[in-house]
Amino acid sequence: MAVNDFAVIGLDNIGQSLVINMKSRKYSVAIFDEDVEKAFGFSGECVSKVKAYRDLKGLVASLSAPRKIFLSLDGSKIDDVIAEILPNLNKSDALIDLSAGNYSDINNRAEDLTLKSIRYLEAAVTGPQEELSSGVGLIVGGREDAFSACSRILRQISKEHKGFSSCIHSGSWGTANYTKIIHDSIETSLMQIIADGYFMLRNLGGMKCEEVSSAFTFINEELDLYLLGITAKILEQIDVESGTPIIDYILDSASVADTEVAAFGEAFKNNIPNLLSSQAVFLRYLSGQREQRRMSVKKLYAPQIRYDSGSIKLLDSIKDAMKAAIIIAYAQGFDLLSAELKNGQWNYGEDEIARVWSGASTIRSNYLSRANTAYNKNDNLLNLMHDDYFTGQLKSAQKGIREIVMLSAKHSVPAPSFMSALSYYDCMRANVLPSNLIQSQLNYMKRDTVRRYDIQGNFNVDWIVGDSKQNKGNTSNH
């Protein structure tokens, strides 16, 4: 007998939040986790509308038809769970995969289930953990008929923002996963930018944690960046035993997620300079090399130059540097997104994806809302920095970010995200880059041809070994 409206298999943080979300909308939810006691304990906490099951067969049998089952599992466990429940599913039942797995896994799974007439959707969940139980951001990939069958519940559990649901059907399988990769790559960049700003204020400006917290709160009045807001709260947290900021007791070694690494491959595949995100991931790897860093402190020299300009002037420059770097982080992320949107498998463009993220995601900010406006009014925007609003913001922030980069180098305080952002900006606005010399070096070593401004085609230069003054620079067609 059907007693439940939906099922959630896997009670990780996202799974539990979705159950609470559905329960708040008066739905009955069946739940299962490989940790049976965890499932029954969570069911007890929910009191009503949530029932735990000891086996998957019983869970499936409890659902009203057509069944809709959410899978909130580690990607390595998805296929095993599907194989176990598949004999108990009927045609037109739907599986909603929240695992954010890789393309090949998603496509193989989708093709196999479609042959069996099972509807399969992949969904990228965004939004801060503390908000998921009231409303999530959802970008969903899969066939139109599958989305239509599940659209009501998907939109109901999504956060409403400015009169719109933070849920869209992005297109075919894999599109949702791709947006998750881009989202997380932007998030990685933003986190490094904030960390570098924090490091400069503490180590160069001599500010205490509570002072940096106040500074970030002040800066965030304009940006309304979720990540900056939580950072201000983190810096206020006091360790109970010592009575001092807890941040000073946390190991300076950060982990890396699979989606953050996946952005590398997408950037390489599409020839997109996703510099800030790539650098941020490598810096996390560097943070894990603690033994090498400890030895480097003893072995490697840096000049000790006193900073005397005061923390207020530094704060003004940091504010501008963060604004510029944040815009560039969004620009690089959307550049990578735009490259994939050209393949024709998508229902929406950059504007709608920005809208969902600005409503429910950890990368939301006033700048992201502006990105939605920029792409909405210009379908052919080549780079977010070209939008008039962002061009103006970058112009006004120029002095600050250049000042911070100079101070970082002069006083030996690392601020890699600011340096990377400024280098990208200056490279993008350069009429000519020294890449002609690099390509000439490759041609000299017979690894590639060169192209010329004055003649069409690919050429090999007759590089004459010996007296370079005698070289006429002859070229031959390749």
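Serine 117 is partly exposed, at 33% relative accessibility. (Buried means under 20% relative accessible area, exposed over 50%, and partly exposed in between, with a 1.4 Å probe and protein chains only.) Before you go on, note that this is a predicted model: local features need pLDDT of at least 70, side-chain atom pairs count only at pLDDT 80 or more, and totals for chains, interfaces and linings use all residues. Residues are numbered from 1 along each chain as its sequence is written, and side-chain values use heavy atoms, with hydrogens and water left out.

**Backbone stops**

Stay on serine 117. Its phi is positive, about 65 degrees, although it is not a glycine. The residue sits in the loop between α5 (103–115) and β6 (119–126). Helices (H or I, at least four residues) and strands (E, at least two) are DSSP runs, numbered from the N terminus.

Now select valine 47. Here too phi is positive, near 70 degrees, in a residue other than glycine. Look for valine 47 in the loop between α2 (36–46) and β3 (50–52). Is valine 47 buried or exposed? Valine 47 is exposed, with a relative accessible area of 72%.

Move to alanine 65 and proline 66. The peptide bond between them is cis, with omega near -10 degrees. Proline 66 belongs to the loop between α3 (56–61) and β4 (68–71).

**Cysteines**

How many disulfides does a search of the whole structure find? It finds zero, where a disulfide is a pair of cysteine sulfur atoms within 2.5 Å. Select cysteine 209: it is buried, at 2% relative accessibility. Cysteine 427 is partly exposed, at 42%.

**Rings**

Show the aromatic side chains. The count comes to 11 aromatic pairs. Rings of Phe, Tyr and Trp (its six-membered ring) pair if their centres lie within 6.5 Å; planes under 30 degrees apart count as stacked, over 60 as edge-to-face and the rest as tilted.

Zoom in on tyrosine 367 and phenylalanine 390. Their ring centres are 5.9 Å apart and their planes stand at 65 degrees, so this pair is edge-to-face. Tyrosine 367 lies in α15 (366–377) and phenylalanine 390 in α16 (388–411), so the pair ties together parts 23 residues apart in sequence. Both residues are buried.

Next, select Phe264, Phe268, Phe282 and Tyr285. Ring pairs link them into a cluster.

Two arginines come next. Arginine 370 has its charged end over the ring of tyrosine 389, 4.0 Å from the centre. Arginine 54 lies over the face of phenylalanine 40, at 4.5 Å from the ring centre. (A charge sits over a ring if NZ of Lys or CZ of Arg is within 6 Å of the ring centre and within 35 degrees of the ring normal.)

**Pockets**

The largest pocket has a volume of about 1,900 Å³. On a 1 Å grid over the protein atoms alone, a pocket is an open set of points where a 1.4 Å probe fits, with protein on both sides within 12 Å along at least five of seven lines; lining residues have an atom within 4 Å of a point. Volume is the space filled by probe spheres set on the points.

Select Gln192, Ala195, Asp196, Phe199 and Asp252: of the 45 lining residues, these are the closest to the centre. Helix α7 gives the largest share of this lining, 11 residues.

The second largest pocket holds about 1,100 Å³. Of its 40 lining residues, the closest to the centre are Ala100, Lys180, Asp184, Ala257 and Thr259. The largest share, seven residues, comes from α7.
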